[in-house]
Amino acid sequence: MSDDHELAGRLATEAGELLLKVRAEFADAESADRKAAGDKRSHDFLMAALAEHRPGDAVLSEEGADDKVRLSAERVWIVDPLDGTREFSELGRQDWAVHVALWERGELVAGAVALPAQGVTLATPTVIAPPAAPDAPRVVVSRTRPPAVALAVREALGGTLVEMGSAGAKVASVVQGISDVYVHAGGQYEWDSAAPVAVARAAGLFTSRIDGSRLVYNQSNVSLPDLIVCRPELADAVLAVTKSH
């Protein structure tokens, strides 16, 4: 449908606005309560909105039961209602996101990553390509558990590290030109990367598994444990490192 891009962007933005309200409402609560409220309310909002606007489509959400009817559906929305729950729970942090993506007949066809605390939504098809990479590429990694392969990429490229929270925020940082390479290994699921990858591809970035194979979505097993998103001119150098790991 011609307005799938608009719907993805609008729903991601509105879910993000809801999460900001939840964050304020639970500002004095325990972080676990803040996390739980954010996950549930954003999920409930997205499920209700998709049921209203795309009643014939299937949905795969991190916070919902996996209805395997999606495996025979032509269109599946893949959503992460709150990516970076830990960062969301830490008042003042901005590196968390909302993911809304649409998979259709084997491909990601639309997607949006909202960064609510930054007041930004990156959405297909209008996302702008980032500026040229600096001489020392910036490799974005988790602030708590950077994977060894990412550190190896940073060393091989003579780059620097940028620490950040959620997967969506990391990919967004490459799209925004804040970093240049995101390499992840060690465990993710389809909802962690579907919308970020759709947005990254729309911005002209390179995306793949760490062995160079393509990212495949709407599988029975929703584990998709590794990921590369980087500027296209850096792809060969990055893959030369990741394929050896």
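**Close-up views of a predicted model**

**Figure 1. Arg 105 is found in the loop that lies between strand 3 and strand 4.** The model shown is predicted: local features need a pLDDT of at least 70, side-chain atom pairs count only at pLDDT 80 or more, and totals for chains, interfaces and linings use all residues. Residues are numbered from 1 along each chain as its sequence is written, and side-chain values use heavy atoms, with hydrogens and water left out. Helices (H or I, at least four residues) and strands (E, at least two) are DSSP runs, numbered from the N terminus. Arg 105 has a positive phi of about 50°, although it is not a glycine. Most residues other than glycine have a negative phi. With a relative accessibility of 60%, Arg 105 counts as exposed. Exposed means over 50% relative accessible area, buried under 20%, and partly exposed in between, as found with a 1.4 Å probe on protein chains only.

**Figure 2. Asn 218 occupies the loop between strand 9 (206-208) and strand 10.** Asn 218 is not a glycine either, yet its phi is positive, at about 55°. Is Asn 218 buried or exposed? Its relative accessible area is 6%, so Asn 218 is buried.

**Figure 3. A cis peptide bond joins Thr 124 and Pro 125.** Omega is about 0° at this bond. Most peptide bonds are trans. Pro 125 belongs to the loop between strand 5 (120-123) and strand 6.

**Figure 4. The largest nonpolar core has 38 residues.** A nonpolar core is a set of buried Ala, Val, Leu, Ile, Met, Phe, Trp, Tyr and Cys residues joined through side-chain atoms within 4.5 Å. Ile 78, Val 175, Tyr 182, Tyr 217 and Val 229 have the most contacts inside this core. Among the elements that give two or more residues to it are strand 2 (75-83), helix 5 (167-175) and helix 6 (190-202). Helix 6 provides the largest share, seven residues. The core draws at least three residues from each of domain 1 (4-123) and domain 2 (138-243); these domain bounds come from an automatic or database domain assignment. A second, separate core of 25 residues includes Ala 8, Phe 26, Leu 46 and Phe 88.

**Figure 5. Ile 78 is shown with its contacts from elsewhere in the sequence.** Contact means heavy atoms within 4.5 Å. Neighbours within four places in sequence are left aside, and the contacts of Ile 78 then include Leu 60, Val 100, Trp 103, Trp 191, Tyr 217 and Asn 218.

**Figure 6. Domain 1 and domain 2 meet in a contact that takes 36 residues from domain 1 and 28 residues from domain 2.** The C-alpha centres of the two domains lie 20 Å apart.

**Figure 7. The largest pocket holds about 550 Å³ of space.** On a 1 Å grid over the protein atoms alone, a pocket is an open set of points where a 1.4 Å probe fits, with protein on both sides within 12 Å along at least five of seven lines; lining residues have an atom within 4 Å of a point. Grid points are joined across faces, edges and corners, and a volume is the space filled by probe spheres set on the points. The lining has 27 residues, of which Arg 145, Gly 165, Ser 166, Ala 167 and Lys 170 lie nearest the centre of the pocket. At least two lining residues come from each of strand 2, helix 3 (85-89), helix 5 and strand 8 (181-184). By type, the lining divides into six nonpolar, ten polar and eleven charged residues. Here Ala, Val, Leu, Ile, Met, Phe, Trp, Tyr, Cys and Pro count as nonpolar, Asp, Glu, Lys and Arg as charged, and the others, Gly among them, as polar.

**Figure 8. Ser 142 lies in strand 6 (residues 138-142), and Ala 150 lies in helix 4 (residues 148-157).** Ser 142 counts as buried because its relative accessibility is 12%. Apart from neighbours within four places in sequence, Ser 142 is in contact with Glu 163, Met 164 and Lys 170. Ala 150 is buried too, with a relative accessible area of 0%. Not counting residues up to four places away in sequence, Ala 150 touches Val 139, Val 141 and Val 183.
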